[in-house]
Amino acid sequence: QPEEYLLAIESSCDETAAAVITRDMKILSNIVSSQTDLHEKFGGVVPEIASRAHLERILPVIDDALQKANLSLDQLTAIAVATEPGLVGSLLIGLTAAKTLAMVLDIPLVAVNHIEGHLFACQMQETNPIFPAIGLVVSGGHTNLYHCLPTFEFELIGATIDDAAGEAFDKVAKILGLPYPGGPSIEQTAVKGNPQAFPFPRTFLKDPELRFSFSGLKTAVLYAALGNPGAKKQPPPLTAERIADLAASFQETVVDVLVGKCQQALMQFRHSTLCVGGGVAANTLLRERLTEMTNKAGIHLSMAPPDLCTDNAAMAAIAWHHLDQGRIASLDLDVTPGLVR
Ligand code: KG4
Ligand code: ZN
C-alpha cells in the first residue's frame, strides 16, 4: 500500500504554519513562520497585521513544507486546516488556501479544532493510545481542562473565568518591561530571581470547582512592581533584581495553580493519564513540576516537545482520525472564530 500524506495548514493567530504528516503520524516537515517581530512593539497580536502577514506567507510556507517532505502536490492524500477558534481574518487565510488546494487537487478537506490539535500533539509522540485522560490546554487564549475520551472527543470540564495563563505571562512581561512574547522572556528572567520573594495569590487553588483566574494575579504583580494608586507607601524602584524576583514569583504562582488543578481533575475523574499542550506547556518549570507531581501520584504524563506545544500545523494530524470517521468538509466550510464549547 502506498504511503498517504496529509498537508496541514494552521493560521489561527500569529503563526503561519504548514506540515506534512504520514498516516502513521510521522512528521515529514513542520514549518512555522512566526510573526513575533511584527507584533512585538505592540505588546500583543494586532489582528489586521496578522492576517496581512498570513496572506504574504501562506504560499511560501506551504511550498517549504512540501519541499522539506520531498513531495509534490499531486502526492497528497488530504488537506487539513484549523478553522476554530482564533482570529477571524487569520483563520480565513488558512481556510482559503486549504479549500483552493482541496478543490484543485480534488482531495478531501478536513476541518480541525486548534485546541483539540494542542491535545492531540501529545498523542502524536506516543505509541499507545493515551485517552481517556485529563487534558490541560494552556495557551495565549485558553486555560482549559478537558476530559479526553478514547473517541477523540474532548469535554470541557474547567476553564479560566478571565485571563488565560499565557495572556497573564504576556501582560506581566509588559508590566515588567520584558519583551513579547512574555512566556519565554519571563522564564529567562525568572532564573535569576527568588520565587518566594512575593507571596502572590493562588486564586481558586483550594476551590472545589475546576476553574482558574489569573487577572487578580496580574494586578497583584502590577501593584508590587509599580505601586497601588490608592496606597500611601509606594514600592522601591524597579531594579533588575526586583524584576527577576517578580518574574520568578509570578511564574511560581501560575505553575502552582496549574499543577494543583490538574491534580484535582485527575482525582475527580480517576484518570491515570494527564496530557498537557499549548504554548505555556513549553515552560520548563511547569514541565518539571508536572513531572514531579505525576511521578509521585503514579500518573502517566504525556507532553509534546516544546516545539509541538506552541502553535504549529503538525498537531492538525488529528485530521487523520476525522477522515477515518468520514468527517470530510464541503467547500462551503467556514471559520468559527469564537469558542463554541
Ligand atoms: O499555543 P500558543 O503558541 O498560541 C495560542 O494558541 O495562544 O501559545 C502562546 C502563548 C503566549 O502567551 C506565550 O507567552 C506562551 O504561550 N508561552 C510561554 C512559553 N512559551 C510560550 N509561556 C510560558 N513559558 C514559556 N516558555
Ligand atoms: Zn495555540
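Two residues are said to be in contact here if their C-beta atoms, placed from the backbone, lie within 7 Å. With that in mind, and remembering that this is a predicted model, select Ala80 and look at what surrounds it: leaving aside its neighbours within four places in sequence, Ala80 is in contact with Leu6, Ala8, Ile9, Val110, Val112, Ala316 and Ala319.

Now widen the selection to the nonpolar core. The largest such core has 112 residues, and Ala80 is among those with the most contacts inside it, together with Ala8, Ala18, Ala317 and Ala319. If you colour helix α8, residues 240-269, you will have picked out the largest share of this core, which amounts to 14 residues. The core draws at least three residues from each of domain 1 (5-118 + 310-324) and domain 2 (132-303).

Is Ile79 buried or exposed? Ile79 counts as buried, because it has 25 C-beta neighbours inside 10 Å. Leaving aside neighbours within four places in sequence, Ile79 is in contact with Leu7, Ala98, Leu101, Ala102, Ile107 and Leu109. To get a sense of scale, draw a distance from the C-alpha of Ile79 to that of Val276, and you will find 26 Å between two residues that are 197 apart in sequence.

Select helix α2 (residues 47-68) and helix α3 (residues 88-105) together, and turn the view until you can follow both axes, which are 8 Å apart and meet at an angle of about 20°. At that angle α2 is therefore roughly parallel to α3. Their contact involves Pro47, Glu48, Ala50, Ser51, His54, Leu55, Ile58 and Ile62 on the α2 side, and Gly89, Ser90, Ile93, Gly94 and Ala97 on the α3 side. The crossing of these two helices, α2 and α3, is right-handed.

Another helix pair to show is α5 (residues 165-175) with α6 (residues 182-190), whose axes are 8 Å apart and whose packing angle is about 65°. Here α5 passes α6 in a left-handed crossing, and the residues that make the contact are Gly166, Phe169, Asp170, Val172, Ala173 and Lys174 of α5 with Gly182, Gly183, Ser185 and Ile186 of α6.

Finish by colouring the two domains given by the domain assignment, domain 1 (5-118 + 310-324) and domain 2 (132-303). Their C-alpha centres lie 28 Å apart, and where they meet, 12 residues of domain 1 are in contact with 15 residues of domain 2. On the side of domain 1 that touches domain 2, α1 (36-39) and α4 (114-124) each supply at least two residues, and the largest share, three residues, comes from α4.

Methods
Residues are numbered from 1 along each chain as its sequence is written. Chains are lettered from A and ligands numbered from 1 in the order in which they are written. This is a predicted model: local features need pLDDT of at least 70, side-chain atom pairs count only at pLDDT 80 or more; totals for chains, interfaces and linings use all residues. A nonpolar core is a set of buried Ala, Val, Leu, Ile, Met, Phe, Trp, Tyr and Cys residues joined through C-beta atoms within 7 Å. A residue is buried if 20 or more other C-beta atoms lie within 10 Å of its own, exposed if 12 or fewer, and partly exposed in between; C-beta atoms are placed from the backbone. Helices (H or I, at least four residues) and strands (E, at least two) are DSSP runs, numbered from the N terminus. Domain bounds come from an automatic or database domain assignment. Axes are lines fitted to C-alpha atoms, for helices over the stretch in contact, and angles run from 0 to 180 degrees between N-to-C directions. Angles under 35 degrees count as roughly parallel, over 145 as roughly antiparallel, 65 to 115 as roughly perpendicular and the rest as oblique. A crossing is left-handed if the near helix is turned anticlockwise from the far one by less than a right angle, and right-handed if clockwise.
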